[in-house]
Amino acid sequence: YVKSTKEILEKASKERYAVGAFNFNNMEFLQAILEAAEEEKAPVIVATSEGAIKYIGKGDIEAGAKLAVEMVRTYAEKLSVPVALHLDHGRDFKIIMAAIKAGYSSVMIDASHLPFEENLRETKRIVEIAHAVGISVEAELGKLKGIEDNVVEKESVLVDPEEAKVFVKETEVDFLAPAIGTSHGAFKFKGEAQLDFERLKKVKEYTQIPLVLHGASMVPQDVVKLANEYGAELSGAKGVPEDMLKKAIELGINKINTDTDLRITFVAYLRKILSEDKSQIDPRKIFGPVFEQVKEIVKERIRIFGSSGKA
Ligand SMILES: O=C(COP(=O)(O)O)N(O)CCCCO
Ligand code: NA
Ligand SMILES: [Zn+2]
């Protein structure tokens, strides 16, 4: 059934577990994510980036947001687990408004590339509008390295816990994504994986609100190996190790954004199936087994997050 992001995350924060926020761009990824949550009896957040809304709507933002909402509602109303739809990395005011109007449960205003005062002002503005219509808001402090849509951050800038205290108090934002060393995509760390747990602990203590980990994909090496065996070129791919995810959850992370793990699984098994079943031309016979694997990786992550059975 459909439930608000805020209710899902406040329960998770109280009970110290995390809920997956899985990105989708099409029907099959959405189906796999929702089936995984249902089988794990877990609450789940499904998310679209701004790019996903444009992709679903073929450039028409209102249509894309509307179709995303209707797909999620149509599937979710049949499920026994709570489902929320979230706008990931909102930056464009028009798209954030389109998501709110279409019926998203929560929106992220990602203004973390701006100086603190501007990020605070932008976030405050979206919070005022969203709260007026019962929608919750996520914001980001600090910078993730790498490319976030059209903003390239050369170095990650870790969150300042003192700034986080002021930011949350001033903006009344509902969830905060503190940058603690992760980055988007499959190549997260040059050397050893490293997260700043000290900062995370302080941010939780100072803000007492649900926290979000971006760039949290684990990039399982067996799946990377499989993809490479069938012609992908993903050497050096590295994600967040399981023990670090679990420690982050203990310290107060309640929403874990995951996109890359689903993408890598999709690519590995699509390559494998196409190379093995050379006469297959029915997309359902190709996508069926591929998304069965995507569902399994989502179930594995839901179990690691501790949200299995928490519906
Ligand atoms: O923080 C995340 C998830 O990051 P990832 O799955 O790449 O670790 N997201 O916001 C998902 C969209 C970013 C593109 O992957
Ligand atoms: Na987000
Ligand atoms: Zn992100």
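Me: How many nonpolar, polar and charged residues does the lining of the largest pocket have?
Reply: Start with the caveat that this model is predicted. Then sort the lining by class: 10 residues are nonpolar, 15 polar and 7 charged. Gly is counted with the polar residues.

Me: What is the volume of that largest pocket?
Reply: A pocket is an open set of grid points. Here the largest pocket has a volume of about 590 Å³.

Me: Which residues lie nearest its centre?
Reply: Lining residues have an atom within 4 Å of a point. The largest pocket has 32 of them. Nearest its centre lie His184, Gly185, Asp259, Thr260 and Arg263.

Me: Now the cavities. How many are of 30 Å³ or more?
Reply: In a cavity, the probe fits but cannot get out. The count here is 1 cavity of 30 Å³ or more. The largest cavity has a volume of about 40 Å³.

Me: Which residues line the largest cavity?
Reply: Look for Glu140, Leu144, Ala177, Pro178, Ala179, Ile180, Thr182, Val212, Leu213 and His214. Strands S8 (175-178) and S9 (211-213) each give two or more residues to this lining.

Me: How does the lining of the largest cavity divide by class?
Reply: Use the classes again. The cavity lining has 7 nonpolar, 2 polar and 1 charged residues.

Terms used
Residues numbered from 1 in each chain as written. Chains lettered and ligands numbered in written order. Predicted model: local features only at pLDDT ≥ 70, side-chain atom pairs only at ≥ 80, totals over all residues. Heavy atoms only, no water. 1 Å grid on protein atoms, 1.4 Å probe; cavity = no way out; pocket = protein on both sides within 12 Å on 5 of 7 lines; lining within 4 Å. Points joined across faces, edges and corners; volume = space filled by probe spheres on them. Helix = DSSP H or I, 4+ residues; strand = E, 2+ residues; numbered from the N terminus.
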